[in-house]
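Please keep the sequence and the model in view while reading.

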Protein chains: 2
Amino acid sequence: MTSPRAVTHPAREEIRLEEVLHALADPVRLHVVRQLAAEGTEMNCSCIDLPVTKSTSTHHFRVLRESGVIRQTYRGTAKMNALRRDALESLFPGLLDAVLSAAGHQAARDAAHR
Amino acid sequence: MTSPRAVTHPAREEIRLEEVLHALADPVRLHVVRQLAAEGTEMNCSCIDLPVTKSTSTHHFRVLRESGVIRQTYRGTAKMNALRRDALESLFPGLLDAVLSAAGHQAARDAAHR
DNA sequence: GTCGTAGTTTGACAGATGTCGTACTACGAT
DNA sequence: ATCGTAGTACGACATCTGTCAAACTACGAC
């Protein structure tokens with residue numbers, strides 16, 4: 001029997017490129033991923049503050065988890081989030097870093113001009 | 001006055017990462033991009049055969065163009081499509097290649113196991 | 001001109017998506 | 001046992017998306 005707070009993740013081989021790209025294509029989710037990458041360690045949901053309500057956050061974190069981009073685990077009442085760097089790197093070498101670097105460049109451009 | 005067959009593209013600086021990722025997240029469009037990359041040169045719409053009707057093709061090519069992934073130009077009645085490699089590379093270095101390589105790996109895996 | 005070919009436009013439609021508010025659940029602290 | 005906190009579930013909603021069919025437009029060839 002599964003514990004009341006079980007969380008299911010796709011196996012490494014089940015991760016699909018299209019779903020990963022779709023997950024990363026949303027501004028809110030891309031922001032989450034950038035923060036996770038910047039921290040390097042896992043973070044709980046609420047320490048990543050987002051311009052949306054709690055229920056919308058839950059939705060975005062689920063999309064990220066189900067697409068294989070993050071791994072979520074409970075630590076008491078907090079739900080910790082971590083990038084699945086190893087899985088993504090072995091499946092799609094260089095992809096995550098390319099997206100993160102692209103997002104960084106774009107953010108810099110946005111900040112610089114305007 | 002614009003010619004009857006004018007095509008508008010986003011300027012380089014207007015290309016947004018989120019839109020590019022969204023454009024690449026669709027299987028049909030990813031397939032188009034992979035073929036364009038494999039050929040290396042521009043191809044007309046109908047020589048890339050897709051499992052959808054003509055009107056759906058038009059839709060996908062427009063999404064790719066408006067997101068800045070491809071450039072379209074008329075050559076007689078044919079509409080030629082080319083990847084905007086230079087623009088993408090300067091904005092998001094390594095991104096397109098990472099996605100293409102990821103798509104290649106996934107295709108190889110799909111072909112191998114089943 | 002007339003015709004065929006390549007692609008567009010429009011309208012329709014079912015399904016997905018992002019968002020919210022409210023009610024709920026699980027856990028730790030007291 | 002009670003309470004507060006972190007997050008979930010559910011239902012609602014407007015919008016977006018991928019798809020098609022049918023009618024249309026622009027161009028080259030004849």
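## A buried arginine

A:Arg65 lies in helix H3 (residues 54-66) of chain A; helices (H or I, at least four residues) and strands (E, at least two) are DSSP runs, numbered from the N terminus. A:Arg65 counts as buried because its relative accessibility is 9%, where buried means under 20% relative accessible area, exposed over 50%, and partly exposed in between (1.4 Å probe, protein chains only). The model is predicted: local features need pLDDT of at least 70, side-chain atom pairs count only at pLDDT 80 or more, and totals for chains, interfaces and linings use all residues. Residues are numbered from 1 along each chain as its sequence is written, chains are lettered from A and ligands numbered from 1 in the order in which they are written, and side-chain values use heavy atoms, with hydrogens and water left out.

Which residues is A:Arg65 in contact with, leaving aside its neighbours within four places in sequence? They are A:Val7, A:Thr8, A:His9, A:Pro10, A:Ile70 and A:Gln72, contact meaning heavy atoms within 4.5 Å. Although A:Thr8 is 57 residues from A:Arg65 in sequence, their C-alpha atoms are 8.4 Å apart in space. A polar atom of the A:Arg65 side chain lies 3.0 Å from the backbone oxygen of A:Thr8.

## The nonpolar core

A nonpolar core is a set of buried Ala, Val, Leu, Ile, Met, Phe, Trp, Tyr and Cys residues joined through side-chain atoms within 4.5 Å. The largest one has 64 residues, of which A:Val69, A:Phe92, B:Val69 and B:Phe92 touch the most other members. Beyond its neighbours within four places in sequence, A:Val69 is in contact with residues including A:Val20, A:Leu64, A:Ala82 and A:Leu88.

## Helix H5 of chain A

Helix H5 (residues 95-112) of chain A has 18 residues. Among its buried residues are A:Leu95, A:Val99, A:Ala102 and A:Gln106. The cover over the buried residues of H5(A) includes helix H2 (27-39) and strand S3 (78-83) of chain A, together with helix H1 (17-24) and helix H5 (95-112) of chain B.

## Where the chains meet

Chain A and chain B each give 24 residues to the contact. The area buried between them is about 2,000 Å², with carbon and sulfur atoms giving 62%; buried area is the accessible area (1.4 Å probe) that two parts lose on being put together, summed over both. A:Glu18, A:Leu21 and A:Gln106 supply 25% of the area that chain A buries against chain B, more than any other three residues.

How many salt bridges are there between chain A and chain B? There are two, a salt bridge being a side-chain nitrogen of Lys or Arg within 4 Å of a carboxyl oxygen of Asp or Glu. In one salt bridge, between B:Arg16 and A:Asp110, the closest N and O atoms are 3.0 Å apart. On the side of chain A that touches chain B, H1, H2 and H5 of chain A are the elements that give two or more residues, and H5(A) gives the most, with ten.

## Salt bridges within a chain

Over all chains, the whole structure holds six salt bridges. One of them joins the side chains of A:Asp97 and A:Arg85 (3.3 Å, N to O). This pair links distant parts of the chain, since A:Asp97 is in helix H5 and A:Arg85 in helix H4 of chain A, twelve residues apart. A:Asp97 is partly exposed, with a relative accessible area of 38%, and A:Arg85 is also partly exposed, at 37%.

Methods:
Expected span 1.5 Å × (residues − 1). Polar contact = N/O pair within 3.5 Å; in protein donor to acceptor, adjacent residues only side chain to side chain.
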